[in-house]
Amino acid sequence: MSVIQQGTATLRKAKKITVKTCLDNPFVFQWKTIDGEDMHFILQTLEERIKHIGLKKIESPRRKKRPLRKKQMGKKCDASTNELPKEEETESHQQNPGWTDISIRRQLAIGVNEVTKALEKNELLLLLVCKSAKPAMITSHLIELSASRATPAGQVPRLSETVAPLLGLTSILALGFKRQSDKFTETIQSIIPKIPALEVPWFQYRTEETLAYTDTDSSENEEPSEPAGDELASQKRKRTESNQHDLSNVILQPLKIKKLVPNPNKIKKPPRKKKKAFSA
């Protein structure tokens, strides 16, 4: 047994825990799920419309390459020459990979990233989100975005299960309909009344104007004639005056201070294994 002499042992100082302070949102946002008859109506209308249009993504079939031995290669060389024209005939009958109609595809925003970009540019008339998105924070940011753009948005269960196979996709977490969607005008008008208004504290006044906003926007798109400079200035003034709302009843909420501890469990990453250089 080794004996430690007095005065030789040293005490290690405990490392200070690094804490990062940040400001957090005081509000908690949740989607209003559409259940019951409204859910079945929305899914049925989408299914019927997509089947009627025939929009689908065709993927190229993947061929698995199996390693062949030298003897098998020699035996199958003669057989492969005879099978070449048959393979060419089958490939000619197959459709080209990609979307069946690109013009209709451009009228939709499929996926969370594409929907987010379209909302930032204010290009959507309607937004539907699937309830099966996990974690929920993947689609939670779309609540404030859609409310700020006065876009009706709702969470529909089984959206990915019904719509994704019709479009030839594995899953769809978010589906948006753009303003210039001629093929989906009737479906948008029938679905919007079934969607409940979003609850965002600083955008409450906008939820009442969604239908009126969409009607005015569609009427503007129907008139291709460009107004003069004076008319444009008057229209801008009218819009700014209409957007000025009474903010006397608005109550400011204090921001939450959140403290984050990076790696609280102190899990260390495993060291990288160096590749040994083999000598020839």
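Reply: Contact here means heavy atoms within 4.5 Å. By that cut-off, and with neighbours within four places in sequence left aside, Thr-45 is in contact with Thr-187 and Ile-191. The model is a predicted one.

Me: Where does Thr-45 lie, and what does its side chain reach?
Reply: Thr-45 belongs to helix α1, residues 37-53. Its side chain reaches the backbone oxygen of Phe-41 at 2.9 Å.

Me: Why is Thr-45 called buried?
Reply: Its relative accessible area is 15%. Buried means under 20%, so Thr-45 counts as buried.

Me: How many residues of the chain are there, and what share of them is buried?
Reply: The chain has 280 residues, and buried ones make up 25% of them. The chain also holds 10 helices and 8 strands.

Me: What makes a group of residues a nonpolar core?
Reply: Its members are buried residues of listed nonpolar types, joined through side-chain atoms within 4.5 Å. The largest such core here has 28 residues, and Leu-46, Leu-126, Leu-128, Val-156, Leu-159, Val-163 and Phe-177 touch the most other members. Elements giving two or more residues to this core include α1, β5 (124-130) and α6 (159-167). The largest share, 6 residues, comes from α1. Apart from this core lies another, of 18 residues, with Val-112, Leu-119, Ile-143 and Ala-174 among them. In soluble globular proteins, nonpolar side chains tend to be buried together.

Me: Which residues does Leu-126 touch, not counting those up to four places away in sequence?
Reply: Among them are Thr-151, Pro-152, Phe-177, Ile-188 and Ile-195.

Me: How do you know how α1 and α6 are oriented to each other?
Reply: The two helices pack at an angle of about 0 degrees, with their axes 10 Å apart. Angles under 35 degrees count as roughly parallel, so α1 is roughly parallel to α6.

Me: Which residues meet where α1 packs with α6?
Reply: Leu-43, Leu-46, Glu-47, Ile-50 and Lys-51 in α1 meet Leu-159, Thr-162, Val-163, Leu-166 and Leu-167 in α6. The residues of this contact divide into 7 nonpolar, 1 polar and 2 charged. Glu and Lys count as charged, so Glu-47 and Lys-51 fall in that class.

Me: What sets Asn-122 and Ala-150 apart in their backbone?
Reply: Asn-122 has a positive phi of about 60 degrees although it is not a glycine. Ala-150, also not a glycine, has a positive phi of about 60 degrees. Most residues other than glycine have a negative phi. Asn-122 is in the loop between α4 (112-120) and β5, while Ala-150 is in the loop between α5 and β6 (153-156).

Me: What kind of peptide bond joins Lys-134 and Pro-135?
Reply: A cis bond, with omega about -5 degrees. Pro-135 lies in the loop between β5 and α5 (137-148). Most peptide bonds are trans.

Notes:
Residues are numbered from 1 along each chain as its sequence is written. This is a predicted model: local features need pLDDT of at least 70, side-chain atom pairs count only at pLDDT 80 or more; totals for chains, interfaces and linings use all residues. Side-chain values use heavy atoms; hydrogens and water are left out. Helices (H or I, at least four residues) and strands (E, at least two) are DSSP runs, numbered from the N terminus. Buried means under 20% relative accessible area, exposed over 50%, partly exposed in between (1.4 Å probe, protein chains only). A polar contact is a pair of N or O atoms within 3.5 Å; within protein, one must be able to donate a hydrogen and the other to accept it, and residues adjacent in sequence count only if both atoms are side-chain atoms. Axes are lines fitted to C-alpha atoms, for helices over the stretch in contact, and angles run from 0 to 180 degrees between N-to-C directions. Angles under 35 degrees count as roughly parallel, over 145 as roughly antiparallel, 65 to 115 as roughly perpendicular and the rest as oblique.
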